[in-house]
2 protein chains.
Amino acid sequence: MNIPSKLIEDAVTEISRLPGIGKKTALRLALHLLKQNEVHTEALTLALTRMREEIQYCKTCHNISDAEQCSICASAKRDKTLICVVEDIRDVLAIENTNQFQGTYHVLGGVISPIQGIGPEELTIESLLERVKIAKEDEPVQEVILALSATMEGDTTSFYLAKKLKEKGIKISTIARGIPVGGELEYTDEVTLGRSIMTRINYSSD
Amino acid sequence: MNIPSKLIEDAVTEISRLPGIGKKTALRLALHLLKQNEVHTEALTLALTRMREEIQYCKTCHNISDAEQCSICASAKRDKTLICVVEDIRDVLAIENTNQFQGTYHVLGGVISPIQGIGPEELTIESLLERVKIAKEDEPVQEVILALSATMEGDTTSFYLAKKLKEKGIKISTIARGIPVGGELEYTDEVTLGRSIMTRINYSSD
């Protein structure tokens, strides 16, 4: 593509660095901004700059936040004795959207992945162990729920965390793997189906 | 979606104003920028701001340009007696990519559309007529090619332009409508197929 303007070419190059946006889409977006009033571009760049410069991470759970402590950690309604460990911020949003969880979170910032060079020290694991230790004095953590991806890396991280947390004598659980609600048995893969049978829920004990 | 940060929410709102980008994609892009080094966001916002503030439009053909005259109008290699009228800048890029056209362009900035409230005076039609008139003195325009969309609005605009330009005594042509190269007859719609027969090209006269 031979763009007759260096200015647009630069903008297209920068926009197409974003995930899932190619050169053609980037050009469409750039030309859209050119067609619109200048205030739209100003509002966009200001919002991006402010977000990048002023964003903070909660010092307790590492969730995104506008203050030192995120709204979830700061809320008196949330159960501080229950911590749900997730990979990243989007997982927090996903679980929050279910309206099923009243505890707090801990954002790891990724999972252990030797291939990508991510070891335990790159994640916020130390901070989680510290958090559990400090909480012991006034509001002890009762349970840590591991809500990581059902991938090899996710499972590895779960095992690592479980080992570390067991030393502290806390209940550790993991979210259920099984057939999605509305899913049909015959279209579920063998591994998922196998796991869902092994980890079956006992109705009669309720 | 309940985003726990006003800063991210603002960024998501602004990003999702772009065409074809919804709230979910906008959030993905915002979180991507947060994960990356700050310099990436800075480069993006700078490129957008510079593009919007410094962009110029060629005073001859209204194409995007970094100077008063675009590189096509300024080039000595391009045939100034041949003007191709297009709707917008993307059409210029599309035709340039074919490497088949050595004339110059004229960017209308849209097509006549009473429904959207776009009349001839909203477009650069007056500037085109003026351009033809001025050119008459040293390098007279020989032919104007109308390369507008094959829609009702495009056709209306073509008719309007043809009428205005006929008064000036210039050859007027329009790009061929027909079956795309590689297209099959049986899957072509009736209107296109009908037109391609009516406007058939005479091989024997070559």
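**Helix packing, chain contact and sheets**

Q: At roughly what angle do the axes of helix H3 (residues 38-54) of chain A and helix H1 (residues 6-15) of chain B cross?
A: The axes of H3(A) and H1(B) come within 9 Å. Axes are lines fitted to C-alpha atoms, for helices over the stretch in contact, with angles from 0 to 180 degrees between N-to-C directions. Helices (H or I, at least four residues) and strands (E, at least two) are DSSP runs, numbered from the N terminus. The H3(A) and H1(B) axes cross at roughly 150°.

Q: Is H3(A) roughly parallel or roughly antiparallel to H1(B)?
A: Angles under 35 degrees count as roughly parallel, over 145 as roughly antiparallel, 65 to 115 as roughly perpendicular and the rest as oblique. With axes crossing at roughly 150°, H3(A) is therefore, relative to H1(B), roughly antiparallel.

Q: How is this model to be read, and which letter starts the chain naming?
A: This is a predicted model: local features need pLDDT of at least 70, side-chain atom pairs count only at pLDDT 80 or more, and totals for chains, interfaces and linings use all residues. Residues are numbered from 1 along each chain as its sequence is written, ligands are numbered from 1, and chains are lettered, in the order in which they are written, from A.

Q: Is the crossing of H3(A) and H1(B) left-handed or right-handed?
A: A crossing is left-handed if the near helix is turned anticlockwise from the far one by less than a right angle, and right-handed if clockwise. By that rule, the crossing of H3(A) and H1(B) is left-handed.

Q: Which residues of H1(B) make the contact with H3(A)?
A: Two residues are in contact if their C-beta atoms, placed from the backbone, lie within 7 Å. H3(A) brings Ala43(A), Leu44(A), Ala47(A), Leu48(A), Arg50(A), Met51(A) and Glu54(A). H1(B) answers with Leu7(B), Ile8(B), Asp10(B), Ala11(B), Glu14(B) and Ile15(B).

Q: How many residues in the contact of H3(A) with H1(B) are charged?
A: Ala, Val, Leu, Ile, Met, Phe, Trp, Tyr, Cys and Pro count as nonpolar, Asp, Glu, Lys and Arg as charged, and the others, Gly among them, as polar. Nine residues of this contact are nonpolar and no residue is polar. The number of charged residues is four.

Q: How far apart are the axes of H1(A) and helix H3 (residues 38-54) of chain B?
A: H1(A) and H3(B) pack at an angle of about 150°. They are therefore roughly antiparallel to each other, and H1(A) passes H3(B) in a left-handed crossing. Their axes are apart by 9 Å.

Q: Which element gives the most to the side of chain A that touches chain B?
A: The contact takes 48 residues from chain A and 48 residues from chain B. Several elements of chain A each supply at least two residues, including helix H2 (23-35), strand E2 (64-65) and helix H5 (89-98). The largest share, 13 residues, comes from H3(A).

Q: What rotation superposes chain A on chain B?
A: Copies are superposed by least squares on the C-alpha atoms of residues with pLDDT of at least 70 in both. The shift along the axis is 0.0 Å, with RMSD 0.0 Å, and the rotation is 180°.

Q: Why do the copies meet through the same surface, and what percentage of interface residues shows it?
A: The test compares the interface residues of chain A with those of chain B. The copies meet through the same surface because the share of chain A interface residues that are also interface residues in chain B is 100%.

Q: Which residues of H2(B) make the contact with H1(B)?
A: H1(B) and helix H2 (residues 23-35) of chain B pack at an angle of about 125°, with their axes 8 Å apart. That makes H1(B) oblique to H2(B), and the crossing is right-handed. H1(B) brings Ile8(B), Ala11(B), Val12(B) and Ile15(B). H2(B) brings Lys23(B), Ala26(B), Leu27(B), Leu29(B) and Ala30(B).
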